[in-house]
Structure formats: structure tokens, C-alpha cells
Amino acid sequence: MDHLTNIKDIEQAMAANRLCLFYIKAPDCGVCNVMLTKVEQMAEGIPSIYSFYTDITEEPLIAGRFLVYSGPTVLLLMDGKEVYRASRFIDVEELKYNINRYSKI
């Protein structure tokens, strides 16, 4: 999972990849760090998706651009459009199901 730190890189990654998994975390959030590890391990097993994460404090424009109000938040994007979102309590199995579903399209 790549660590992107500015909005320009994030938007380029979204434009260059058909299916993206975008994980947004807060700096001093224990849940964010634990879930990042779980989501990262899950994403490693799926070669059809480009996954990346950022810290909400590294790029303040993310909150407004993606309407993120709490961490952790995970977004599944297809062709640059959001198709799935989960915040706070992320069900990794549900996320994996949706990734598999959209990767077949």
C-alpha cells in the first residue's frame, strides 16, 4: 500500500488506475493504525486493485474533496468515482466482497 501525501498525487493515482482503494487515517488514532494493517494485508492479496493511504493532517484538502469527517475511512473508487465507503468500524470482509464484485466489472 503506497503512502501518498498530497492531493495531486492522489488524483493522479485515481486517474491512472481503474480500481483504487483509498484509506484515510488520523495521526493519533489507534483504531486507524490497526485497521490500516488489516486493510493493507487484505489488499496485498488482490492484484487488480491499486491501494494507497494518507494521513488526514498531511493533506487538509482531503476532508473537503472526499467528505471525510472521521478516521479511519476507506473509499473504493472505480474510474475515479466512489462506489463504496466505510468509516470508523470497517468490516474487512464486506470491503473484500465489494472489491471482488467491482473487479469483475
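**A walk through the predicted model**

Asn6 belongs to the loop between β1 and α1 (7-16). With 28% relative accessibility, Asn6 counts as partly exposed, since buried would mean under 20% and exposed over 50%. Asn6 and Tyr50 are 44 residues apart in sequence, and their C-alpha atoms are 17 Å apart in space.

Now move to β2. On one flank, 6 bridges join β2 to β3, and the two run parallel; here Phe22 has Phe52 of β3 as its bridge partner. On the other, β2 and β4 are joined by 6 bridges and run antiparallel, with Ile24 bridged to Thr73 in β4. How many residues of β2 are buried? The count is 7 of the 7, so this strand is largely enclosed by the rest of the structure. In a regular strand the side chains alternate between the two faces of the sheet. In β2 both faces are covered: Leu19, Leu21, Tyr23 and Lys25 are buried on one side, while Cys20, Phe22 and Ile24 are buried on the other.

Thr73 deserves a look of its own. This β4 residue is buried, with a relative accessible area of 0%. Its side chain makes a polar contact of 3.0 Å with the side chain of Ser87. Leaving aside residues up to four places away in sequence, Thr73 touches Phe22, Tyr23, Ile24, Val68, Arg85, Ala86 and Ser87.

α2 has 15 residues and reaches 22 Å from its first C-alpha to its last, close to the 21 Å expected at 1.5 Å a residue. Its buried residues are Cys32, Met35, Leu36, Val39, Met42 and Ala43. They cover an arc of only 135° around the axis, which puts them on the same side of α2. The pattern has a simple background: an α-helix has 3.6 residues a turn, so residues three or four places apart point the same way. Turned away from that buried side, the other face of α2 carries the exposed residues Gln41 and Glu44. Among the elements covering the buried residues of α2 are β2, β3 and α4.

The other helix, α4 (residues 92-103), has 12 residues and spans 16 Å between its first and last C-alpha, close to the 16 Å expected at 1.5 Å a residue. Which residues of α4 are buried? They are Val92, Leu95, Asn98, Ile99 and Tyr102. Seen down the helix axis, these fall within an arc of 125°, so they line one face of α4. Glu93 and Tyr97, on the other side of the helix, are exposed. The buried residues of α4 pack against β2 (19-25), α2 (30-44), β4 (73-78) and β5 (81-87).

That brings us to the interior. In soluble globular proteins, nonpolar side chains tend to be buried together. Here the largest nonpolar core has 23 residues, and those with the most contacts inside it are Leu21, Tyr23, Met42, Leu95 and Ile99. The elements giving two or more residues to this core are β2, α2, β4, β5 and α4, and α2 gives the most, with 6 residues. A second, separate core has 14 residues, including Cys20, Phe52, Ile62 and Leu75.

Definitions and conventions:
Residues numbered from 1 in each chain as written. Predicted model: local features only at pLDDT ≥ 70, side-chain atom pairs only at ≥ 80, totals over all residues. Heavy atoms only, no water. Helix = DSSP H or I, 4+ residues; strand = E, 2+ residues; numbered from the N terminus. Expected span 1.5 Å × (residues − 1). Buried < 20%, exposed > 50% of the residue type's maximum accessible area, 1.4 Å probe, protein only. Arc of directions from axis to C-beta. Contact = heavy atoms within 4.5 Å. Core = buried A, V, L, I, M, F, W, Y, C linked by side-chain atoms within 4.5 Å. Pairing = 2+ DSSP bridges. Polar contact = N/O pair within 3.5 Å; in protein donor to acceptor, adjacent residues only side chain to side chain.
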